[in-house]
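The sequence and structure come first.

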Amino acid sequence: MDKKEALRILIKHSFLLDKQTKEALNAKIDTLTAADIMAIGKFLAVEKKQSLEQGTKVIVAINLLLKQLGR
Amino acid sequence: MAESSREHEPVQSDPVVEGNEAVAKREMLFAAVLNEVTRWQEIIKDPKVRQAATAALRTLANIGISFADAVPVAGEVPSWLADLGKFTDRWARVIGLSTDLTPDVSKQVAVGSEMLEAYSGTAFPSHAIETTLQIKADWPRLVEGLNRFKELWSEERADYHAHQPEIEDAIAEFVNEEAT
C-alpha cells in the first residue's frame, strides 16, 4: 500500500471530517506533495488511534452508568 | 577497582531526537483535542442526547434547590424562584429559553407543595416533591439519551471492525510504532 492509497483509506474512514471535506481532500490528493501527504496522513492516523481508544473507554463508562441506572 | 568517572556522566541527549519527539507529542495532543471537540459537538446535536443532557442538568439543579429548601426561611428563595420559573416559562420560550426546571410537574402541584412549608416553619423541603416527580419523568429520557450516546460512539468502532485490516495498514503507513 502506498501513502496516497493509505491516505484515501484514512479519509474514507474518518469520523472527524464531514462529507464535503472528504470530497475536497480526495479531489486534491493527486496534487499534494509528499510532505503534505505525510502531514495529513499522520494527523488522521493519530486521530483515528486516539478516537478508537477514547471510544472504548467512553462505552465502558456508559455501560457502567446504565447498569447503575438499572437498565 | 576505581570506578570509571564516565559511569557518572549524564547521558548526552540528542537534540534532534528530542525535537522530533516533542513535535510528535504536540501532533498527538492536537489530534486528540480536535477529535474530542468535534466529536462532542456532533454528539450534542443529536436530539435524544440533548434531551438527556438537559434532563441531567435539570436534575442537578433541582437536587441543589431541594437541599437548600431544607434551610428555614432563606432556603425558600430558590424554591420560590423555581416555582416562579414555571410561570415565566411561556415568555422565556419566545426567545428560545426555558425557565421551568420541572416541566413534567403541574403548577398546582408545585405551588400546592409550598403549603406544607407553613406546617413546618418553612423547614420542610417542599421542592423535593417536585424534584422526585421530575426525576421520575426524566429517568427514561436519561437512559434513552445514554443509549443513543453509546450508539454514536459505537459507529466508528463498527466501521473499524468491518474494515480493520485496511485501516490498520493505512495507519501503519504513517505511524511508526517503534519510533514512539
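By about how many helical turns are R141(B) and D138(B) separated in helix α5 of chain B? The two residues are 3 apart in that helix, so about one helical turn lies between them. The model is predicted.

## Chain B overall

Chain B contains 6 helices and 0 strands, and its elements run α-α-α-α-α-α along the sequence. Of its 180 residues, 29% are buried. The accessible surface of chain B is about 11,600 Å², with 64% of it belonging to carbon and sulfur atoms.

Among contacts in chain B with a separation of 6 or more, 65% are between residues 24 or more positions apart.

## Salt bridges within chain B

R141(B) and D138(B) form a side-chain salt bridge, at 2.6 Å from N to O. D138(B) also pairs with R58(B), at 2.7 Å from N to O. This second pair joins distant parts of the chain: D138(B) lies in helix α5 and R58(B) in helix α2 (residues 47-69), 80 residues apart.

D138(B) is buried, with a relative accessible area of 1%. R58(B) is buried as well, with a relative accessible area of 13%. A network of salt bridges links R58(B), D104(B), D138(B) and R141(B).

## A salt bridge between chains

Over all chains, the whole structure holds 12 salt bridges. One of them joins the side chains of K48(A) and E156(B), at 2.8 Å from N to O. This pair crosses from helix α3 (residues 34-68) of chain A to helix α5 (residues 127-162) of chain B. Both K48(A) and E156(B) are buried.

Technical notes
Residues are numbered from 1 along each chain as its sequence is written. Chains are lettered from A and ligands numbered from 1 in the order in which they are written. This is a predicted model: local features need pLDDT of at least 70, side-chain atom pairs count only at pLDDT 80 or more; totals for chains, interfaces and linings use all residues. Side-chain values use heavy atoms; hydrogens and water are left out. Helices (H or I, at least four residues) and strands (E, at least two) are DSSP runs, numbered from the N terminus. Buried means under 20% relative accessible area, exposed over 50%, partly exposed in between (1.4 Å probe, protein chains only). Contact means heavy atoms within 4.5 Å. Accessible areas come from the Shrake-Rupley method with a 1.4 Å probe; for residues, only the protein chains shown count as cover. A salt bridge is a side-chain nitrogen of Lys or Arg within 4 Å of a carboxyl oxygen of Asp or Glu.
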